[in-house]
Structure formats: structure tokens, C-alpha cells
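Me: Could you walk me through a few features of this structure, one question at a time? I would like the cut-offs along the way.

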There are 4 protein chains.
Amino acid sequence: MSGIWGNKLKVSIFGESHGVGIGITIDGLPSGVEINMEDVMKEMARRAPGKSKLSTARKEGDVPEILSGFFQGKTTGTPLCAVIRNSDMHSKDYGKLKDLMRPGHADYPGFIRYNGFNDYRGGGHFSGRITAPLVFAGAICKQVLEAKGISIGAHVKSVGKIEDKSFNEVNLNKELLEKLKVKELPLLAPEKEDEMRSTILEAKKDQDSVGGTIECTVLGISAGVGNPFFDSVESTLAHLMFSVPAVKGIEFGKGFLMSELRGSQCNDEYYYDGDEIKTYTNNNGGITGGITNGMPILFKVGIKPTPSISKAQRTVDICEKKDAELVIEGRHDPCIVQRAVPVIEAVTAIGILDLVI
Amino acid sequence: MSGIWGNKLKVSIFGESHGVGIGITIDGLPSGVEINMEDVMKEMARRAPGKSKLSTARKEGDVPEILSGFFQGKTTGTPLCAVIRNSDMHSKDYGKLKDLMRPGHADYPGFIRYNGFNDYRGGGHFSGRITAPLVFAGAICKQVLEAKGISIGAHVKSVGKIEDKSFNEVNLNKELLEKLKVKELPLLAPEKEDEMRSTILEAKKDQDSVGGTIECTVLGISAGVGNPFFDSVESTLAHLMFSVPAVKGIEFGKGFLMSELRGSQCNDEYYYDGDEIKTYTNNNGGITGGITNGMPILFKVGIKPTPSISKAQRTVDICEKKDAELVIEGRHDPCIVQRAVPVIEAVTAIGILDLVI
Amino acid sequence: MSGIWGNKLKVSIFGESHGVGIGITIDGLPSGVEINMEDVMKEMARRAPGKSKLSTARKEGDVPEILSGFFQGKTTGTPLCAVIRNSDMHSKDYGKLKDLMRPGHADYPGFIRYNGFNDYRGGGHFSGRITAPLVFAGAICKQVLEAKGISIGAHVKSVGKIEDKSFNEVNLNKELLEKLKVKELPLLAPEKEDEMRSTILEAKKDQDSVGGTIECTVLGISAGVGNPFFDSVESTLAHLMFSVPAVKGIEFGKGFLMSELRGSQCNDEYYYDGDEIKTYTNNNGGITGGITNGMPILFKVGIKPTPSISKAQRTVDICEKKDAELVIEGRHDPCIVQRAVPVIEAVTAIGILDLVI
Amino acid sequence: MSGIWGNKLKVSIFGESHGVGIGITIDGLPSGVEINMEDVMKEMARRAPGKSKLSTARKEGDVPEILSGFFQGKTTGTPLCAVIRNSDMHSKDYGKLKDLMRPGHADYPGFIRYNGFNDYRGGGHFSGRITAPLVFAGAICKQVLEAKGISIGAHVKSVGKIEDKSFNEVNLNKELLEKLKVKELPLLAPEKEDEMRSTILEAKKDQDSVGGTIECTVLGISAGVGNPFFDSVESTLAHLMFSVPAVKGIEFGKGFLMSELRGSQCNDEYYYDGDEIKTYTNNNGGITGGITNGMPILFKVGIKPTPSISKAQRTVDICEKKDAELVIEGRHDPCIVQRAVPVIEAVTAIGILDLVI
């Protein structure tokens with residue numbers, strides 16, 4: 001079951017990197033929602049590679065074609081399916097490469113999981129390319145959420161050891177999120193941009209890669225959304241975040257830092273702001289007991305450095321059943337954190353829409 | 001949907017802290033598995049309060065009664081339901097207290113979520129007491145897993161700023177996990193025990209509480225378990241972890257630390273150990289591409305300090321619609337981390353059994 | 001997965017006939033719905049055995065105890081669990097009987113399905129007694145539906161070859177349904193009651209049993225409920241009906257009769273009744289394209305004669321692996337159709353509530 | 001939720017009759033299963049229109065393109081998606097027609113369900129054309145089942161009042177099922193063919209349509225498949241059957257006839273045939289207690305006459321909110337029963353594979 005998610009919304013993805021195409025079906029969307037396709041394409045462009053020195057020079061012709069569920073510019077309420085055809089694959093000879101398991105990648109677990117029958121070309125179904133349909137679906141969900149007054153945005157919180165500010169340290173509003181969306185390196189403290197670029201380009205020069213973190217927020221969500229226990233907001237979002245390749249950690253609000261603190265330092269005390277109940281602080285990231293409390297949802301995900309590096313690595317040859325050395329050629333992303341920002345936003349949008357629909 | 005989880009296994013919980021009883025139904029268990037009820041009760045006892053100065057002095061008569069699905073000492077394969085009756089509640093007068101929203105608790109989100117109709121007594125359905133049935137279910141799942149050679153164990157990784165060793169730093173095996181289970185403060189570096197106790201008791205003295213982290217491992221799980229994307233092992237486990245009250249973060253393998261590192265420092269290189277494929281390191285915590293690689297699963301969860309503290313706190317009175325001060329009386333856990341260890345193990349067992357069944 | 005059903009509502013049943021108890025958990029109920037427990041008990045009484053010569057003389061002490069999700073007379077919105085303890089089982093010696101597979105019963109399929117570990121006493125988890133919790137849950141769902149103006153009722157459409165009138169032939173309204181509920185043999189044509197009683201009592205005299213049909217209706221449901229394809233109203237209701245032991249057929253509206261007719265005889269033509277759209281006929285039973293059209297939902301289920309008969313039958317002894325003869329002693333229902341009426345109504349209520357919630 | 005089905009298998013459909021395309025995604029297929037695409041196309045051809053006088057003269061270019069999950073002639077185990085493009089739609093002017101609700105069709109329920117935003121052209125998402133992807137998916141499931149020794153076949157049991165023989169009356173085996181698949185009117189008693197054809201052609205001449213029934217069987221399925229209650233084999237299959245447009249009834253084994261009989265006439269008595277347990281009769285259609293008993297699964301579905309008829313009909317104009325007359329022009333199927341046979345087989349295959357996988 002790699003490709004189905006949701007309770008009230010049902011999202012199902014499919015596709016392999018070098019197969020015929022990749023895509024997604026979203027069932028359960030409300031009918032009659034006008035979708036601005038230009039905005040959807042802007043979201044797709046944010047994830048697309050080939051735009052700068054920070055990412056791979058590979059180009060992807062990520063033009064999704066909507067096959068169903070969309071009529072006269074609006075959602076019909078029936079399943080909406082979109083496909084992105086894999087236009088530009090070369091009939092590369094994988095030769096020996098397919099037997100050499102790339103460390104940090106899904107090659108070996110996938111080989112065992114599918115008894116060797118999975119499509120190994122370019123990572124197959126495990127390829128980061130499959131996140132393109134997620135961004136497409138998320139872009140649609142975002143527009144449905146915007147109509148409900150809910151906005152989602154994210155920024156690069158760190159690359160390597162270079163840290164950006166936190167949402168908690170700035171004046172957090174919808175306009176800020178809009179501004180972040182148009183930047184290649186979306187930062188709250190733009191003065192850190194040069195350092196981050198250098199960190200990425202150094203990794204590139206060393207035929208290596210570097211990881212980072214992304215902070216994401218949901219604004220405009222009212223109190224009372226979510227459930228205790230198994231369908232908590234945290235469970236829902238964490239489930240989706242770990243569906244995104246390379247995510248290895250998530251924390252809500254102050255997260256792991258709270259484990260070092262006292263209750264009196266972590267509890268968010270309430271007060272009345274006119275008729276509205278608010279909290280003085282937002283250490284819990286807008287969620288207590290698994291349910292929203294009306295404050296912005298805040299969480300951070302940790303992204304590991306992409307395992308695709310050009311450096312020689314030790315591995316195994318599963319055909320000849322012996323140890324081997326691997327050099328992965330081709331154009332790699334030295335850092336995928338900035339490209340992952342719209343993906344994190346997209347799956348957040350999918351998860352939040354499922355909760356509020 | 002607070003109470004249903006699972007794909008091949010279906011777990012459904014119910015109950016309120018001061019209602020008639022709490023319980024759990026597990027559907028999808030294999031038939032004919034002998035269950036050692038003494039071992040199940042030992043697991044229950046690990047979570048139970050009232051055992052030491054480190055936790056609340058409250059006693060709970062947590063004796064689960066199996067109602068179904070269990071015959072002649074073995075699972076029948078039909079739904080197994082167990083109930084724990086709430087024997088020892090005093091008909092306390094909540095009076096004004098029910099209108100004062102406890103900071104950091106689910107009182108306010110729950111009030112909104114259920115339009116004021118939820119059982120507010122003792123946290124109601126949001127009570128940490130609901131984790132007792134989870135421990136019961138987990139204890140049964142553990143025994144099913146043990147029969148498949150899969151073991152689960154955890155330890156207190158930190159309390160406040162006092163850190164225990166990591167599983168990566170010790171000789172990790174089943175016997176070690178067994179030894180940890182019988183300790184009140186399960187640590188890999190017992191020399192840290194005194195410091196941790198002091199940290200907890202200081203918080204207690206200050207009418208406060210303190211958080212911590214728990215590291216958990218799954219041994220004996222073969223490569224190829226799990227799925228890419230939506231049903232990744234990480235998604236499955238993270239979903240369940242955030243069902244446990246007070247968990248605010250999770251990371252797999254080196255987790256957030258990987259965001260500071262290079263790909264060459266994070267990739268786990270493969271080698272043949274005889275016929276078996278292993279990795280030199282286990283930075284990815286036994287999972288790449290959402291699927292197990294045959295190495296132990298390793299992850300860490302961050303537990304916030306329990307919000308139940310005796311210190312005066314600012315809050316709101318939702319009846320009189322004004323700001324108020326709150327002093328929570330009664331016996332509180334100054335630290336719930338050690339009591340959460342068997343809960344984390346239990347939901348891990350539930351999740352892993354769902355994946356391998 | 002014997003015990004979980006629902007999309008927005010999640011219902012999970014458990015229990016064995018001669019085990020500790022049987023019960024049900026309903027998750028997803030709205031909060032704050034006042035439940036009249038007296039009315040719930042009346043529904044339970046309609047299904048209970050031991051009331052007349054038409055059913056078994058066995059008595060069941062079917063007093064459900066609500067364990068959770070119910071507070072101050074109202075639903076809390078959290079999972080509502082109720083248990084019925086099996087108070088009155090004699091520690092009967094099953095001896096050889098457990099190896100003799102009762103024809104028409106689940107003994108043999110269940111033995112294979114659960115590898116011989118299922119509780120065989122009194123049919124175990126397959127017992128018709130498990131429908132008692134369904135009636136309990138249905139009674140609650142009915143009250144939630146009544147508050148939305150939706151009523152559910154059923155009558156015995158036939159026993160053996162004796163036929164009652166159809167809902168289509170009478171003035172169908174809520175009051176009629178109420179009147180049917182208090183009758184032991186709920187008929188639209190009471191003049192058929194004597195013949196039906198004779199049919200049942202003759203079967204009883206012959207140590208045999210007799211089948212029948214039940215017609216059920218849903219009144220007050222608006223147009224536009226349900227979905228095309230996999231979650232059609234018909235799929236939802238049929239799925240639930242075949243969860244009731246002994247149901248072997250279902251048809252909506254004119255059902256199988258439509259297979260003999262022309263399109264012009266089956267199409268329900270539309271007209272405006274004031275502002276409201278209605279159809280002149282209701283051949284489709286209120287559903288076209290899987291979705292309600294605003295007319296009453298009408299369907300009929302076929303109930304096979306209970307397989308528990310006292311006549312000698314040929315069977316196999318699975319222990320000695322040879323053919324054998326079986327005489328089932330004890331008190332049997334000569335006809336379960338009239339007792340199944342509240343069960344059919346109950347699962348209809350569960351299904352409809354899931355669709356309209 | 002129109003488009004998602006399954007527990008272990010997840011099937012999701014999408015598409016509208018006159019939109020860009022229609023299709024299906026199947027997740028959960030085992031990896032490494034060789035698929036004979038020629039056989040898949042043969043199944044597609046069985047359903048396709050335009051082949052004879054018995055069905056519509058419309059042609060459909062139903063060539064499914066597999067987008068994913070299929071590599072080197074075998075399933076990969078990852079989601080398999082196939083799309084059929086709607087090549088041949090004319091940009092017809094629907095004009096007034098879209099406001100006239102066709103009786104017996106989903107126009108009106110769909111209009112309400114989707115608030116008027118659904119694609120109305122050619123029935124949109126409700127079109128019988130959406131069954132083409134179901135046949136595609138079923139054809140693949142059939143091949144997976146065949147490899148497990150399980151065969152599925154069906155025949156036209158009746159058209160109007162003309163009845164074919166039953167599977168119970170013939171020597172039921174795999175070869176018989178193969179022979180049925182190549183016939184336009186698959187009958188067990190070919191001597192009825194002429195009468196059936198006449199019945200259909202008379203309806204056609206009268207600008208009308210006619211209904212019928214289909215009997216389906218599953219051979220080679222072992223005892224012990226399925227579950228009691230909510231996931232019974234009958235629930236599973238009935239759920240899927242009512243996903244097929246125009247199905248209005250289903251009965252298993254002797255079905256509704258059993259309601260007229262005695263228990264002694266319906267119980268299937270057991271005997272040992274060598275080591276194997278069999279029943280003398282198969283009145284229960286291979287299922288008791290919701291679980292297979294090792295005998296062939298037998299069931300019958302009732303298909304209503306297609307509501308698309310050329311005769312003038314009374315209806316409503318939902319734009320002008322008044323009564324109106326409707327004449328549906330174009331080429332209609334006078335009988336869809338024979339075209340529905342492969343669809344019934346297909347959803348049976350999907351359901352059975354979900355149960356045995």
C-alpha cells in the first residue's frame with residue numbers, strides 16, 4: 001500500500017521515475033471549487049529542478065494533465081486525476097549499476113520488498129520525482145483551504161549548521177508566507193542566504209550533499225480540529241511528512257527542546273483577547289491533546305542529505321553476491337532542502353484539508 | 001475518529017478516566033497464539049502509577065478483563081476485547097474547576113471539539129490513563145512478534161538535560177532489552193540514574209514537572225518490511241507515537257542530527273557478512289525508502305513535561321468568559337517519561353505487527 | 001477483520017456466545033445527542049428470544065452496560081462502548097459435538113478459517129447472539145437519525161410461501177413504522193398473521209425451520225445522499241445486510257423483478273410537487289446511480305431458514321475424519337425472520353447514519 | 001468517495017464519459033506476476049460496445065495505456081495505473097438536455113450530490129463507460145487468481161422472462177467457463193439463444209430496453225476464506241456488485257428461494273470425498289457464516305433494463321423548474337446484460353483477490 005492516504009479525502013499516487021508517467025488521484029474534494037491552474041503551476045515550478053546551481057541541472061517537463069474531476073474550471077466532486085508523462089528519459093543502459101545497491105537509497109529494501117521485480121531505473125517508484133504529483137495535489141488542496149481562510153507556508157530553517165530564524169521570532173502572517181513562496185531559498189533572515197549557499201556549493205564541490213530542516217506553519221485554523229489518540233493532528237501530519245523521501249524527523253512546537261524543560265516553561269497559558277481565547281506562548285505548536293487550540297500550527301522536519309553523491313562508496317553487488325565499489329555518475333542535487341519546501345507544504349495541505357473538510 | 005487504528009490489524013480504544021471503564025479491541029490477530037497473561041500483567045505493571053517517588057502516588061487497579069477472542073489460553077482470531085473498570089473514582093465535586101482550562105492539557109481543544117459535551121472529569125477520554133489499554137494490546141502484540149523472532153525494547157534516553165547512552169553505543173541484543181524492562185528507570189548507563197532521579201525530584205519539590213526522551217528499538221526484523229510513501233515504516237510508527245499523549249517529536253536513526261551532516265556521513269554503506277547483507281553504520285535507523293533494511297529499527301521520541309503542575313497558572317474561565325488563575329491540586333507525576341517507556345514499546349509493537357502480519 | 005465497519009462512523013463488534021461477554025464500540029457519533037435508554041432497551045427487547053412460541057424458549061439477559069462515550073445522558077462524541085455479559089451459560093460438556101460440523105452453520109468454515117482455535121461453544125463468534133450489540137448500536141443511530149427527520153422501519157414480508165403486502169401498496173409514513181415496531185409479527189396485512197404462525201409452528205412440529213423475507217424502508221432521507229460506484233447507498237446497505245447471519249439475498253426497489261421488465265416499466269418519471277421533485281413511481285427504491293433521489297429507500301432481504309434443526313442430518317466428524325450423523329438437541333428458533341426485523345433495521349440505521357453524518 | 005475500494009488491495013477509479021480520460025489504479029498487487037496483455041484486451045473487448053445488433057452501435061476506442069507498476073511484462077508490486085483516453089467525443093451541444101433529468105439515470109441524484117458542478121455530458125462520472133477500467137483491473141486480478149488455481153466465470157441467466165439453465169444444473173468446470181467467455185450471449189442452454197435475441201430486438205424495435213440476470217461462479221477457492229460479519233464474502237461481493245451501475249439485486253446460492261423453504265431443504269450436508277470435505281448440495285452458494293466452505297461460490301445479480309430509452313418520458317426541467325417531456329436521441333443499448341457479464345466477473349475477481357491475497 002504505497003499509494004493511498006486519507007480519511008475523508010483519499011489520495012492515491014502512482015508512477016515510476018523512468019516509466020510512462022507519474023500521477024495522483026484525489027477523491028473527496030468538494031464540488032464547485034474554482035481552481036487557478038496558473039497558481040498550481042507556480043507551486044509545481046517551486047519544486048522543479050534545473051533552476052539554479054543549488055539543485056540538479058536535470059530538467060523535468062512537469063506538466064500535469066488533468067484527466068478527470070475538473071469541468072469548466074471547477075472541481076466536480078468526483079475523483080480528480082492528473083498525470084505527468086515522463087517525456088525525457090534516455091534509454092540508458094543500466095548494466096551493472098542495477099545490481100549495485102546505492103547506500104542511503106531504497107534500492108536494497110525495495111529489491112527485497114518487491115522480490116526484485118520493481119522498476120530499478122532512476123529509483124523507480126521510490127524516486128523523489130514522485131513528489132511532483134504530491135505538489136500538484138497539495139496546490140489544489142491549498143486553494144480549497146485558502147477559501148476557508150487557512151494558509152500554509154514554510155521556510156528553510158537550516159542547511160547544515162547554518163540556521164534561519166524561527167516563525168516564533170517574527171511577525172507571522174499570510175503576507176509573509178506569500179513572500180517566502182517566491183524565493184529560491186525561502187528564509188526569514190535573508191542575511192543567512194550567502195552562508196547557506198556557500199554550505200551547499202562546498203558540498204557540491206566535494207561531490208557530496210548536505211541536509212537541513214524545514215519549518216512549516218498553518219495559519220487561520222480554528223480551535224477544535226483533530227482528534228485524540230489515533231487521528232491526532234500530530235499523527236496525521238507526521239504520517240504524511242514521513243511519506244516524503246528523506247524526512248527523518250519531525251517535532252511540533254518546541255519539540256525535542258521541551259524534553260529538557262519544565263512544565264511551567266512549556267505550558268501555554270490562556271487569556272481572553274476580546275472574545276477570543278489565545279495563549280501567551282505557542283510552545284505546543286498550536287496542538288494539545290491532538291487537537292488544535294486556535295494558535296498557528298508549527299512544526300519542523302529534518303531532511304537528511306540526499307544519498308545521491310558522486311563520491312566512491314562501498315556497497316554490495318546483489319547479482320554476484322559480493323562486496324563492490326560504487327560511483328554514482330550524473331547530475332545530483334547537492335541539497336534538496338529548498339526543493340522539499342513546497343513538498344512539505346503540499347502534504348501539510350493534504351492532511352489539513354482531510355481534517356477540516 | 002479517536003479510537004481506530006490499523007490496516008491488517010484493527011485496534012479500537014474507548015473509555016474515559018472517570019467513567020465506567022476503559023478498554024481496547026484488537027481485531028486481526030492470528031488464531032492459536034498462546035498468550036502468557038502473567039507477562040501481559042508485568043507490562044501493565046511497568047506503566048502503572050503509585051510505585052515510587054518518581055511518579056504519582058495515585059493507585060490504579062488496572063486489571064484488564066478479557067471479554068472475547070481468547071479461549072483456552074490462546075487467541076481465537078476473532079476480535080479480542082479487554083476492559084479495565086474504573087474502580088476507584090471518588091465522586092469528586094469538580095465545581096468551578098471544570099470551567100478552568102488547564103494549560104498544556106486538552107481541556108480547551110476538547111471542549112471546542114466536542115461542543116462541551118465531553119466528559120471533563122480527570123481529563124476524560126484525553127487522560128493518560130487511556131494508555132493502559134494500549135499497553136495491554138501492545139503486550140499481546142509483543143508476544144505474537146516474539147514468536148516471529150522480533151523483539152522490542154526502549155530506555156529513558158534523557159530526563160531534562162541528563163542524557164543516557166544510545167543503543168548505537170552499546171551491544172544491542174534481546175537480553176539487554178529484557179534487562180531494561182525490569183528497571184524503574186531503564187538506562188543503558190546506570191551511572192546516570194542518580195542524576196536523573198535528582199532532576200525529577202527537584203521538579204517535584206518545585207511543584208513542577210520535567211520532560212525527557214525515550215529511545216526505542218526493534219530487533220530481529222528482516223529487510224523488506226514496509227512500503228514507500230504513505231505506508232512507510234516511519235509513517236506507521238510516527239502516526240502511532242503521536243497518538244501517545246505528551247509526545248512532541250520523533251526522529252529515526254540519527255534524525256535531526258543528519259540535517260547538519262553530509263551525505264557521505266549519513267549513508268549506510270553495505271557489505272556482505274557471510275550471506276547476509278548488512279550496513280557498517282545504522283544512521284538511518286534501519287529504514288531507507290520507508291522500508292526496513294534488516295538493521296535494527298532505531299528511533300527516539302521527545303516527551304514534554306506533564307502539564308499537570310501544582311504551580312499557579314494563568315488561564316481562562318470559559319463559563320464566565322474571563323481570565324482566571326488556576327491551581328491544580330492533587331498528586332501529579334513530576335515526570336512521566338519512565339512510565340511512558342512501556343507505552344512507546346506497546347504502540348511500536350502494534351505498528352510492527354500490523355506491518356509483518 | 002470480522003468486527004470493523006464504517007467510513008465516518010466506525011463500528012467494531014466483539015464477543016462469543018459462551019464467552020465472557022459480547023459488545024460493540026461506536027466511534028464518530030456526534031457529541032451532545034440525548035439518548036433515550038428506555039427506547040434503546042425496547043429495541044433490544046424486540047430481538048430478544050424467549051417471548052413466544054415462534055422463537056426459542058432460551059432466555060438471554062441482554063442488558064447492555066455502557067462503558068464510555070456517554071455522560072449525563074448524552075453522547076460525548078468519543079467512542080461509545082457497550083458490553084452485554086453472558087450471564088447464563090451452563091458449563092455444558094460439548095464432548096463429541098464439537099467435532100461434528102453442523103450443516104448450514106459456520107462450524108466448518110470457521111474451523112478452517114481459524115485453524116481450529118475459534119471458540120466453538122454455541123457457535124462462538126458466529127452466533128446470532130452477536131446481533132444483540134448491533135441492535136444496541138442501531139438503536140442509538142436511530143435516535144440520532146430521528147433528530148434529523150429520518151425514520152427506519154421494517155416488516156416481515158413473507159414466511160415460507162405466505163406473503164405480506166409491500167410498503168409500495170400502503171400509505172407509507174412514520175406512524176405506520178411505529179405501529180409495526182410493537183408487534184411480534186410486524187405485518188402490513190394482519191389478516192396473514194394466522195397463516196404465518198401456522199407455517200412457523202408446523203415447521204417447529206416437524207423439528208424443522210422455515211425462512212422468510214423482510215422489507216425495510218428509510219423515510220425522510222433527502223436526495224443527494226451516497227456516492228457513485230464503490231460507496232453507493234446500495235453497496236453500503238448490502239454490505240451491512242450480508243453481515244447479518246442468515247441473509248442470503250437483497251434487492252432494491254422492484255429488484256429482481258426489474259430484470260423481467262422493460263425500461264419504460266422501470267424508469268421512475270419525475271414531476272414537480274410544488275417546489276419538490278418527486279417520482280410517480282418508486283421502482284428503483286429511492287436510489288439511482290448509487291445516490292438517493294428523495295423518495296423512500298426500499299429494499300428486501302431474504303433470510304434462510306435457521307440451520308439449527310432437530311432432525312437428524314448427515315455430516316462429518318473432523319476429529320475422526322469420517323462421515324457421521326448429527327442430531328442437534330436443545331431449543332431452537334423455528335423461524336428467525338421476525339427476530340431479524342430489528343437487526344435489519346439496526347444495520348440500516350448504522351449504514352444510513354454513516355452516509356448522512 | 002466514489003472511487004476507492006479494498007482492504008489489502010486498493011482500487012481507485014476516475015473519469016468522466018466525455019472528459020479527457022477514464023482509468024483505474026490498483027495498489028497492493030503482488031510483484032512479479034506475468035500479465036498477458038492480449039488476454040486483458042480480450043476481456044476489454046467482451047465489454048466493448050458496437051459489436052452486434054444487441055448493443056449500441058457506438059464505438060469506443062478502449063485501449064488502456066499502463067502508466068505505472070508494470071515493468072518487463074510483470075507487475076512491480078507498486079501501484080498499477082491505466083488510462084483510457086476518451087478519443088472520440090464530439091463537442092456536442094447539450095443545450096436544454098442538460099436540464100432535463102433522465103428518469104432512471106443518475107442525473108438528478110448526481111446534480112444534488114455535487115451541487116450542479118458534476119460533468120453532465122454523457123452521464124459524466126456515472127457513465128457505464130467507467131466500467132471499462134473495472135474490466136481492465138479485473139482482467140489483471142483474474143490472471144493473478146488463475147495462478148492460484150481460482151477461476152471466475154459468468155453467464156446470462158435470463159433476459160426478460162427467458163431463462164437460461166443454472167450452474168447447479170450443469171457440469172461446472174473451468175473449461176466450461178472458458179467456453180462461455182468467447183460467446184456474445186454466454187448461455188448454458190444455447191437453445192435459448194434465439195428467444196433471448198428476439199426479446200432484445202423486440203425491445204429495441206419498441207424504442208425500449210430490457211433487463212436480465214447474470215449468474216457468476218468462483219471455482220477453485222478453498223474453504224476458510226472470508227470473515228464473519230462485516231467482511232463476509234457475501235458482504236464483500238455484494239458491495240462490489242452494487243458498484244456496477246444497473247445492478248438492483250443479488251442472491252447467493254438459492255438466495256431468495258431459500259426464504260420459502262425449510263432448514264432441512266437448505267442445509268448443505270457434509271461428507272468426506274477421500275480426504276476432502278464436501279457438501280452433497282450447494283444451496284448456500286459456497287459460503288456459510290460469511291466464509292467459504294470449499295464448494296464453488298455461486299451468486300446471481302439482477303440487472304435492470306438500461307434507463308436509456310428513446311420513448312418519450314415525463315420529467316422535470318431543473319433550470320426552469322417545471323415539468324417537461326424528454327426524448328433521448330442517439331444509439332442506445334436495448335440490453336446491457338450480456339455486456340455486463342465481463343463487468344460482473346471483473347469486480348468478482350477484484351473482491352476475491354482482496355480476500356485471498
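This is a predicted model: local features need pLDDT of at least 70, side-chain atom pairs count only at pLDDT 80 or more; totals for chains, interfaces and linings use all residues.

Me: At what angle do the axes of helix H1 and helix H8 of chain C cross?

Reply: Helices (H or I, at least four residues) and strands (E, at least two) are DSSP runs, numbered from the N terminus. Axes are lines fitted to C-alpha atoms, for helices over the stretch in contact, with angles from 0 to 180 degrees between N-to-C directions. For H1 (residues 37–47) and H8 (residues 337–356) of chain C, the axes come within 7 Å and the crossing angle is roughly 145°.

Me: Which residues of H8(C) make the contact?

Reply: Two residues are in contact if their C-beta atoms, placed from the backbone, lie within 7 Å. H1(C) brings Glu43(C), Arg46(C) and Arg47(C), and from H8(C) come Arg339(C), Pro342(C) and Val343(C).

Me: How many residues does chain B give to its contact with chain C?

Reply: Several strands of chain B each supply at least two residues to that side, among them E2 (10–15) and E3 (21–27). Chain C contributes 40 residues, and the number from chain B is 40.

Me: Is Phe126(A) buried or exposed?

Reply: Phe126(A) sits in the loop between helix H2 (107–113) and helix H3 (131–146) of chain A. A residue is buried if 20 or more other C-beta atoms lie within 10 Å of its own, exposed if 12 or fewer, and partly exposed in between, with C-beta atoms placed from the backbone. Because Phe126(A) has 28 such neighbours inside 10 Å, it counts as buried.

Me: And Arg331(A), buried or exposed?

Reply: Arg331(A) is in the loop between strand E18 (322–326) and helix H8 (337–356) of chain A. Since it has 12 other C-beta atoms within 10 Å, Arg331(A) is exposed.

Me: What is the phi of Phe229(B)?

Reply: Most residues other than glycine have a negative phi. Phe229(B) lies in the loop between strand E10 (212–219) and helix H6 (233–241) of chain B. Although Phe229(B) is not a glycine, its phi is positive, about 55°.

Me: What about the phi of Ala246(B)?

Reply: Ala246(B) is placed in the loop between H6 and strand E11 (247–252) of chain B. Not a glycine either, Ala246(B) has a positive phi of about 85°.

Definitions and conventions: Residues are numbered from 1 along each chain as its sequence is written. Chains are lettered from A and ligands numbered from 1 in the order in which they are written.
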